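This report covers backbone geometry, pockets, cores and strand pairing. Have the sequence and model open while reading.

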Amino acid sequence: MIEKLADFIEEVKNFKAETAAKAEELRLKFLAKKGILNEIFAEFKNVPPEQKKDFGQKINTLKQLVEQKIQEAKERSEEDSSKPADLDTSLPGPNIALGSHHPITMVKNEIIEIFGRLGFTVAEGQEIEDDYHNFTALNFPPEHPARDMQDTFFIETDPDILLRTHTSGGQVRVMEKQQPPIRVLVPGRVFRNEAVSARSHCIFHQVEGLYIDKNVSFADLKQTLMYFAKEFYGEKTEIRLRPSYFPFTEPSAEMDVSCSICGGKGCAICKGTGWLEILGCGMVHPNVLRNCGIDPEVYSGFAFGMGIERTAMLRYGVTDIRMFFENDMKFLSRFKH
Ligand code: DAH
C-alpha cells in the first residue's frame, strides 16, 4: 500500500492541470467521496502500526499536492482570462491618437489672447436672438433698408425670433447688464441666409469687440486695432481705415491690413491691391448707448467686429470656407501642433 501511495504522489507531481477541466478530473479522481484519498483512508486501519506514521505523512503529502495542483490551475485560468497568453508587458503601448483644436478655435483663442492683454474679457451672446437685440437696439429701425444688409433666418412661427446675423447683439446684452467701463469681446457663431460657396457660408464665426468709458475717442480705436494687427499679422503690418456705414456706429469704418502674403506688393490673395479687408468698426452710436441705458453725454466708446473664417483663411492659406465645416480629418489634422 505504501508503494501505491508513493506512485500516486509521483502521478500527481507529474500531472499537468493546464485547463479547468483537467483540474476537475484530478479533483474527482482523488478528492471525491469515492475518490482515491477516501479509499486510502479506509485502508489506514489495516496498516501495520510501525508504518502508520510514514503512511499518515504520505497521505497528507498526497492530499496537499492534489489541492495545490487544483489551486494552481484555478489561478492560471483567472490570469488567462485577464490577459492574453502572449502579452509582452515590456513593449511600449499603442499610440493614442490625440485630437487638436479646430483652426477656427485656434484663431479665436489667439484673438481673445491678444485683446486680453489690453484688458478685454469674454462674454457670451446668444445664437437664438430676438429682433430687438439683433437689430432694433443697434439702431436698425423697423423697415430700415439696412436690415437687408444681412439676410436673416427667422423662426417660422415667431418673426420676432431669429438666428443672430452678427455678434453685435452681444454688445447690447453686455451694456444692458453693466455700466462702463466696459472692455469686452463676444465671440460666437452667426447665421445668414446666403448661398454656400467657396467664399461664403450660411454659418460662420465672428468676434465682436466693445470698449466704453469716459473720453474714448477714435484715436483709441485706431491704436487698439493697430496693436491687434501687428500682434496677429506681424510687426511690419500696416493698417488703413476706410469710411463705411453701419447703423450702430458713427463714424463707421472698415479696416484693411497690408497683405501678409505678399507684404503689400500685390498678389492673388489681395487681388493685386496689397490690402486685405478684415473688420468693420466705429464709434458706438449715441442711440445705441441710450437704448442700453448708458448716457452718451458721459460715456463714449468704440466697437468692432471681425469674421473668424476669413481671418483663418488668410492665416492658413485655406481657399474654400466650406472646409471649416466638413470635418474632413485630412484637412483638420493639418492644424496639429
Ligand atoms: N456686425 C457687423 C457685420 O456683421 C460687423 C461690425 C461692424 C461690428 C462695425 C461692429 C462694428 O461692432 O462697429 O458685418
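K271 sits in the loop between β8 and β9; helices (H or I, at least four residues) and strands (E, at least two) are DSSP runs, numbered from the N terminus. Its phi is near 50°, a positive value in a residue other than glycine. K271 is exposed, with a relative accessible area of 62%. Here buried means under 20% relative accessible area, exposed over 50%, and partly exposed in between (1.4 Å probe, protein chains only). N139 also has a positive phi, near 75°, and is not a glycine. The loop between α6 (131–134) and β3 (154–155) holds N139. N139 is buried, at 19% relative accessible area.

This is a predicted model: local features need pLDDT of at least 70, side-chain atom pairs count only at pLDDT 80 or more, and totals for chains, interfaces and linings use all residues. Residues are numbered from 1 along each chain as its sequence is written, and side-chain values use heavy atoms, with hydrogens and water left out.

## Cis peptide bonds

The bond from P180 to P181 is cis, with omega near 5°. P181 belongs to the loop between α7 (169–177) and β5. Another cis bond joins E250 and P251, with omega about -5°. P251 lies in strand β8.

## The β7–β8 pair

β7 and β8 run antiparallel, joined by seven bridges. Two strands pair if DSSP finds at least two bridges between them. A hairpin of two residues connects β7 to β8. R240 stands opposite D256 in β8.

## Pockets

The largest pocket holds about 1300 Å³ of space. A pocket is an open set of points on a 1 Å grid over the protein atoms alone, where a 1.4 Å probe fits, with protein on both sides within 12 Å along at least five of seven lines; lining residues have an atom within 4 Å of a point. Grid points are joined across faces, edges and corners, and the volume is the space filled by probe spheres set on the points. The lining has 46 residues, and E277, I278, L279, G307 and R310 lie nearest the centre. β6 (203–213), β7 (239–246), β8 (249–258), β9 (275–284), β10 (300–307) and α10 (308–316) each give at least two residues. β9 gives the most, with seven. By class, the lining has 22 nonpolar, 13 polar and 11 charged residues. Ala, Val, Leu, Ile, Met, Phe, Trp, Tyr, Cys and Pro count as nonpolar, Asp, Glu, Lys and Arg as charged, and the others, Gly among them, as polar.

The second largest pocket has a volume of about 210 Å³. Its lining has 15 residues, with K108, R164, P187, G188 and R189 nearest the centre. α5 (103–116) and β5 (182–191) each give two or more of them. This lining divides into five nonpolar, five polar and five charged residues.

## Nonpolar cores

The largest nonpolar core has 43 residues, of which F115 and F304 touch the most other members. Such a core is a set of buried Ala, Val, Leu, Ile, Met, Phe, Trp, Tyr and Cys residues joined through side-chain atoms within 4.5 Å. α5 supplies the largest share of this core, seven residues.

Leaving out residues up to four places away in sequence, F115 touches F120, L185, T224, L225, F228, F304 and M306; contact means heavy atoms within 4.5 Å. A second, separate core of 24 residues includes F135, L162, L289 and Y299.
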